[in-house]
Amino acid sequence: MDAAPEITIVPDPAAIAEETAREILEAATTAVAASGRFTIALAGGFTPRETYERLTLAPYVDRMPWERTWAFFGDERVVPPDHPESNYRMAAASLLSKVAIPAEQVFRIQGEHPDPDVAAAEYARRMVEVFGTRRGEVPRFDLVLLGLGVDGHTASLFPGSLALKEVFRTVVAVHAAAAAIPTRITLTFPVLSAAARLVFLISGAEKAKIVKAALVDGALLPATMARPADGRLRFILDRAAAALLPGRS
Ligand code: 6PG
């Protein structure tokens, strides 16, 4: 049974950061109480940066179980980790370098690898090792953070991509011609739908049309195909991104 999305509209990007930090802390606390650890897949792009920075400040920096947190990435651009477009670089600068997650519990997708298909397969293997999944099982993240592109993509799952039809592999390399960095490595829908929580962070007037398409018009988009089979689905939007939702104008 697909979860009905929880939609939270907040005033501005700072409020998205506050609300998402609160969600992450709640997810982490719940997960550690249940299983002894918290597994999260971090989102890339621009929007999550402010959330990551918020987590490095009180009360979150003191209350998050960092030593029991395992951090992965939802996707990565095929660039070196010090490249301005690297999702790892953004997360390391805004979060990972400032909190006490043990380095061996941070799993970077090797965007610098000469063969993105090999890098994708290696990342999938690391997930199997950490989650202890058997053949045919899919890692269940406690929380996957996602963004929404103006074309409806999420992670690096773009409209029209063959990756949208992937039902076996958990990580694939893709070529997204429309993207600034076209070659990318991404988690696939099997992983997104296995998650306990999927949380979309969406900010800005430029997203209003695609938000309406996704949340009101029922458009078939990668972002609307990402649905937890047995978990929570949440959209945290600011007013600008939610401007075309009913009752918002
Ligand atoms: C990426 C992200 C991508 C992002 C959306 C929204 O690597 O770029 O995985 O899916 O979340 O493009 O990006 P913004 O937050 O920059 O609008």
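**Salt bridges and a helix pair**

Modeller: Glutamate 6 is partly exposed, at a relative accessible area of 30% (buried is under 20%, exposed over 50%, partly exposed in between; 1.4 Å probe, protein chains only). This is a predicted model: local features need pLDDT of at least 70, side-chain atom pairs count only at pLDDT 80 or more, and totals for chains, interfaces and linings use all residues. Residues are numbered from 1 along each chain as its sequence is written, and side-chain values use heavy atoms, leaving out hydrogens and water.

Biologist: Which side chain does glutamate 6 meet in a salt bridge?
Modeller: That of arginine 232, at 2.8 Å, N to O. A salt bridge here is a side-chain nitrogen of Lys or Arg within 4 Å of a carboxyl oxygen of Asp or Glu.

Biologist: What about glutamate 23 and arginine 197, buried or exposed?
Modeller: Both are buried. Their side chains form a salt bridge at 2.7 Å, N to O.

Biologist: How many salt bridges in the whole structure?
Modeller: A search finds 16.

Biologist: Switching topic: at what angle do the axes of α2 and α4 cross?
Modeller: Roughly 30°, and the axes of α2 (residues 48-55) and α4 (residues 87-96) come within 8 Å. Axes are lines fitted to C-alpha atoms over the stretch in contact, with angles from 0 to 180 degrees between N-to-C directions. Helices are DSSP runs of H or I, at least four residues, numbered from the N terminus.

Conventions: Helix = DSSP H or I, 4+ residues; strand = E, 2+ residues; numbered from the N terminus.
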